[in-house]
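Hi,

Here is the structure I promised to pass on. Have a look at it first, and then read my notes below.

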Amino acid sequence: MTSSHQQANAIVAERLHRVYAKKGRWLRSQGEVVAVEEISFAVPTGTIFGLLGPNGAGKTTTIKMLSTLLLPTSGSATVGGHDIVRDERQVRRQLGVVLGGDRGLYDKLSARDNLVYFGTLYGMDAPSIKRRANEVLELVKLQDRAAERVEGFSRGMKQRLHLAKSLIHDPPILILDEPTIGLDPNAAVDLREAIAALVPDHTVLLTTHYMHEADLLCREIAIVDHGRIVARGTPREVKGLVAEDRRIEITINQALDGTAATIEREIATLPGVRGASREVLETGETRFTILCAEPTLTLDGALAALRAHGVAVSAVEVAEPTLEDAFLAITGRSFE
Amino acid sequence: MSAHPGVRYLSPAGHWWATMTATLRSQLFIDTTYLISIIRQPLGGAIFFLLMWITYQASGQSVVAGTSAAGFLLIGQVGVEAWGSTIWASGYAIQHERSLGTIGALFLSPASRVAVILGYGVSGFLWSLPSLLVLLILGLIAGARFAVADPLAVLAALVAVYGGSLAVGFAFASAFILSRRGNLIANALQTPIHLLAGFLVPRSSLPEVFQAISNVIPAAHSIDALRASTLNGASLGDIWPSLAATLATSLGFVVIGAWGLRRVEFAARRSGSLELY
Ligand SMILES: Nc1ncnc2c1ncn2[C@@H]1O[C@H](COP(=O)(O)OP(=O)(O)OP(=O)(O)O)[C@@H](O)[C@H]1O
Ligand SMILES: [Mg+2]
């Protein structure tokens with residue numbers, strides 16, 4: 001029945017488009033939101049594909065359409081060769097989906113009972129469920145807590161149980177929405193290892209906010225912004241879009257309040273600057289990150305701007321661009 | 001067919017049955033998390049019975065529709081329990097799934113939705129059994145007396161009472177899935193049926209419009225059958241018209257439910273509201 005293994009692409013999206021009706025109180029309409037705008041991409045069988053983008057970019061909406069939870073407004077897509085609108089049952093059979101978050105589990109049931117129930121919903125026989133439950137619990141390192149009620153689980157434990165749940169029927173294709181959200185760094189590393197081990201036997205489509213995660217895991221990525229794909233390729237190719245550029249980090253050992261935005265705007269409009277952003281570090285310092293073609297020229301201009309506002313610089317660094325910088329360059333603004 | 005060499009799948013019928021029983025088991029387990037939820041239902045039923053019985057006493061009516069008020073109410077209360085447990089079980093369970101965010105996972109699985117809803121319904125039925133026992137004792141103390149000539153007729157009428165309630169609950173399941181506040185709908189539906197189906201007062205004493213409406217409610221017919229077979233010694237031969245009416249109206253609700261479920265799934269996918277709480 002499953003033909004995904006013979007197909008070159010496990011997932012194909014063609015001009016997928018989704019508009020939400022914005023609802024006010026009661027039945028009042030507040031217009032529409034275009035969440036996903038004619039997105040097209042293909043995920044080769046046996047690979048991991050990443051959708052990256054800031055909050056509200058349309059990643060979850062795309063994933064919900066592909067997993068048959070949401071109908072596209074227009075456009076089409078196939079998963080494992082089956083149409084997501086017409087053949088939703090065939091699509092669902094070969095799909096494991098992690099929508100993530102705190103919800104989506106029976107909080108009064110134990111981790112194992114959750115897995116057993118979902119295995120039953122997928123029509124597996126009891127011995128298969130038992131064996132698979134042990135396998136996936138071990139994979140996500142929850143075997144010691146399997147008998148406990150889920151309501152007492154930490155966010156990261158729930159997140160891992162979500163992955164286990166999506167794997168219980170061992171589907172050939174997995175769709176994971178921010179699989180490592182809420183995990184501590186060690187747990188995130190473990191989970192990434194588990195996901196990396198799924199290929200080439202499985203195909204994985206995931207979304208993430210973490211550029212380094214995409215860099216580590218994904219064969220190909222697509223950067224989504226305002227519902228559109230703004231860049232696509234291997235992580236190396238996407239980084240290559242800014243390979244000629246340099247990244248300048250200027251640190252100021254004080255919080256800047258109102259002037260920070262003004263300074264950022266002035267820096268962003270300097271000649272040769274492809275993008276500028278600022279952040280307040282945990283130490284209370286302010287850091288400007290600038291992506292530019294001519295670092296010496298830009299640095300002069302940026303330092304002059306800072307001096308004009310009476311701001312003293314504590315450190316300056318010039319470095320090779322990262323995937324974050326690619327995003328900055330492509331969209332003109334910071335990722336976070 | 002299996003993606004995993006070691007994963008074996010059940011036959012479609014086996015899958016259906018396993019889904020129903022697993023839902024039932026989970027539901028019973030979840031509902032017994034708190035001790036209060038175990039005694040709540042029998043207690044609620046007992047208080048309601050006493051309230052109605054005292055009301056009849058206060059109005060000076062000790063005989064209703066040819067039998068004792070206690071007997072009339074006791075059987076009516078079986079209808080109250082059956083209706084409450086099925087409508088409440090499916091309404092509340094679906095609302096619960098929504099609040100947990102598991103409803104999306106349920107829809108993503110290839111499991112039969114009917115089997116899941118039936119699992120809720122059967123758990124509701126099991127929950128009502130302790131209440132029935134408490135009510136039986138209370139009813140006898142209050143003076144209810146049985147006249148049973150045909151135990152089979154009683155059994156058939158009981159099955160009809162629960163089956164009919166389940167059918168109506170099934171028809172409303174779609175509304176619970178589509179609405180974000182299924183429990184409120186369940187709440188609103190609970191009391192009108194008590195009146196319309198003749199659980200608390202004889203249907204013949206209702207205004208004519210209500211009497212006409214009550215004919216489409218399976219429980220109205222099945223409670224007639226249950227009263228006749230338990231209190232007036234009616235046989236299967238006597239009550240079959242009521243049983244047939246229960247079956248016919250129940251089938252109507254099952255058809256509405258099956259149609260509704262399919263529509264609802266599509267509507268939820270279109271609006272994108274399935275995951276919202
Ligand atoms: N059910 C809904 N009704 C109305 N608008 C919605 C709904 N779901 C999402 N949207 C809107 O669609 C857009 C895309 O949202 P989406 O959840 O797909 O973004 P995302 O990329 O997953 O963001 P995040 O990184 O924050 O998870 C947003 O503007 C959002 O407000
Ligand atoms: Mg999202």
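Predicted model: local features only at pLDDT ≥ 70, side-chain atom pairs only at ≥ 80, totals over all residues.

**Helix H2 of chain B**

Let me stay with this helix for a bit. H2(B) covers residues 35-58, which is 24 residues. At 1.5 Å a residue, H2(B) should span 34 Å, and its end C-alpha atoms are 35 Å apart, so the two values agree.

Gln41(B) and Pro42(B) are both buried. Other buried residues of H2(B) include Ser37(B), Gly45(B), Ala46(B), Phe49(B), Met52(B) and Tyr56(B). What covers them? The cover includes helix H1 (12-31), strand E1 (63-64), helix H3 (69-100) and helix H5 (113-142), which belong to chain B as well.

I looked at the packing against H3(B) in more detail. Two packed helices are described by the angle between their axes and the distance between the axes. For H2(B) and H3(B), the angle is about 145 degrees and the axes are 10 Å apart. Their crossing is right-handed. On the H2(B) side, the residues that meet H3(B) include Arg40(B), Gln41(B), Phe49(B), Trp53(B) and Tyr56(B). On the H3(B) side, the partners include Phe72(B), Leu73(B), Gln77(B), Val80(B) and Trp88(B).

**Chain A overall**

Chain A has 336 residues, and 54% of them count as buried. Its secondary structure comes to eleven helices and 14 strands. The C-alpha atoms fill a box of roughly 70 × 45 × 45 Å along the principal axes. The domain assignment gives domain 1 (3-239) and domain 2 (244-320), and the C-alpha centres of these domains of chain A lie 37 Å apart. Among contacts in chain A between residues at least 6 apart in sequence, 70% join residues at least 24 apart.

**Backbone spots to look at in chain A**

Most residues other than glycine have a negative phi, and most peptide bonds are trans. These places in chain A are worth a look with that in mind:

- Val199(A) to Pro200(A): this peptide bond is cis, with omega near 5 degrees. Pro200(A) is in the loop between helix H6 (185-196) and strand E8 (203-208).
- Lys141(A): phi is positive here, near 60 degrees. The residue is in the loop between helix H4 (126-139) and helix H5 (155-167).
- His226(A): phi is positive here too, near 50 degrees. The loop that holds His226(A) runs between strand E9 (220-225) and strand E10 (228-233). With a relative accessible area of 57%, above the 50% cut-off, His226(A) is exposed.

**Lys22(A)**

Lys22(A) is in strand E1 (residues 9-23) of chain A. Leaving out residues up to four places away in sequence, Lys22(A) touches Arg28(A), Ser29(A), Gln30(A), Gly31(A), Glu32(A) and Val33(A). Val33(A) is eleven residues along the chain from Lys22(A), and their C-alpha atoms are separated by 6.6 Å.

Cheers

Definitions and conventions: Residues numbered from 1 in each chain as written. Chains lettered and ligands numbered in written order. Heavy atoms only, no water. Helix = DSSP H or I, 4+ residues; strand = E, 2+ residues; numbered from the N terminus. Expected span 1.5 Å × (residues − 1). Buried < 20%, exposed > 50% of the residue type's maximum accessible area, 1.4 Å probe, protein only. Contact = heavy atoms within 4.5 Å. Domains from an automatic or database assignment. Axes fitted to C-alpha atoms, helices over the stretch in contact; angles between N-to-C directions. Left-handed = near helix turned anticlockwise from the far one by under 90°.
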